[in-house]
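Please keep the structure open beside the text as you read.

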Amino acid sequence: MSGPDRPLGLLGGTFDPVHYGHLRLAEEAREALDLAGVRWIPAGLPPHRPAPRVAAAHRLEMVRQAVAANPAFTVDDAETASGETSYTVTTLDRLRAEQGSRPLVLLMGADAFLGLATWRRWRDLFALAHIGVATRPGVELSLEELPAELAAACAGRLDGNPDALKTAPAGRVVQFAMTPLAISASLVRARLAAGLSVRYLLPDPVREYIDLHHLYRATDGR
Ligand code: ATP
């Protein structure tokens, strides 16, 4: 499969802030799953967690700066622009309509996948996209240890072969190994709040943006 019909990866997240764990996830997914590219979709108001520490416009801009040098990465601002709670299923409905029958692969870390059964209309996700799950340090992922209803929904969908993603627009679940990076946005925020360095945890333009706007300091504005 070539050109426009190769699968398109989708990476949603709070990106509060974006870091090298996200970037390696997207880059290694692109290689491992033979994706045409990865569309980054920063959440506006994520439903499953406390409000992000900084405003959507800042998080969006940091993602833009982080991915700017990679022609395989694009940024989708629909969730940050909407001002409403961001539901992945709503975004996938939109992208499915936009992309026709092209395979879509919703990318996520193992921690996010373990919580999938709490997402709005989560069973509908399988009809809209494939799911590509990246290993994440500290998170064990085996079918036996999945929450029961998630394991049941995944039965018959798990595939070790990434080529399976090209044979249908949606519905497979593929795990892929990525370079283990125990970087999290929480860690980055905690270091910044403590006045510690975050150099080499995220791209320099993002670090400079954080400095310029005084984000994540103990006394920052949102
Ligand atoms: P926080 O620490 O605030 O919970 P986070 O670092 O997990 O944030 P998110 O924006 O919530 O970042 O994550 C977006 C997606 O990237 C999720 O699917 C998450 O599992 C994945 N991800 C983030 N960091 C890593 C990492 N170091 N390795 C693998 N996957 C990651």
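The report below goes from the sheet to one of its strands, then to a loop residue and the ligand.

This is a predicted model, in which local features need pLDDT of at least 70 and side-chain atom pairs count only at pLDDT 80 or more, while totals for chains, interfaces and linings use all residues. Residues are numbered from 1 along each chain as its sequence is written, and side-chain values use heavy atoms, with hydrogens and water left out.

Let's begin with the sheet. Its 6 strands are arranged in the order S3-S2-S1-S4-S5-S6, forming an open sheet with parallel pairing. Strands here are DSSP runs of E with at least two residues, and helices are runs of H or I with at least four, numbered from the N terminus; two strands pair if DSSP finds at least two bridges between them. Strand S3 (73–75) and strand S6 (173–176) are at the edges with a single partner strand each, so one side of each has no neighbour in the sheet. From one strand to the next, the twist averages 25°. Angles run from 0 to 180 degrees between N-to-C directions, with axes fitted to C-alpha atoms, for helices over the stretch in contact. Helix H2 (residues 56–67) packs on the sheet, where it touches strand S2 (37–42) and S3, and its direction makes about 160° with that of S3.

Now look at strand S4 (residues 104–109), where 6 of 6 residues are buried, meaning under 20% relative accessible area. Leu104, Leu106 and Met108 are buried on one side, and Val105, Leu107 and Gly109 on the other. S4 is joined to S1 by 4 bridges and to S5 by 5 bridges. Leucine 10 has leucine 106 as its bridge partner in S4, and methionine 108 stands opposite valine 133 in S5.

Threonine 14 sits in the loop between strand S1 (8–13) and helix H1 (20–32). Is threonine 14 buried or exposed? It is buried, with a relative accessible area of 10%. Beyond its neighbours within four places in sequence, threonine 14 contacts Pro46, Arg49, Pro52 and Arg59, a contact being heavy atoms within 4.5 Å.

| Residue (N or O atom) | Ligand atom | Distance |
|---|---|---|
| Phenylalanine 15, backbone | oxygen | 3.0 Å |
| Aspartate 111, side chain | oxygen | 2.5 Å |
| Isoleucine 183, backbone | nitrogen | 2.9 Å |

The protein covers 91% of the 610 Å² of accessible area that the ligand has on its own, as given by the Shrake-Rupley method with a 1.4 Å probe.

Methods
A polar contact is a pair of N or O atoms within 3.5 Å; within protein, one must be able to donate a hydrogen and the other to accept it, and residues adjacent in sequence count only if both atoms are side-chain atoms. Buried means under 20% relative accessible area, exposed over 50%, partly exposed in between (1.4 Å probe, protein chains only).
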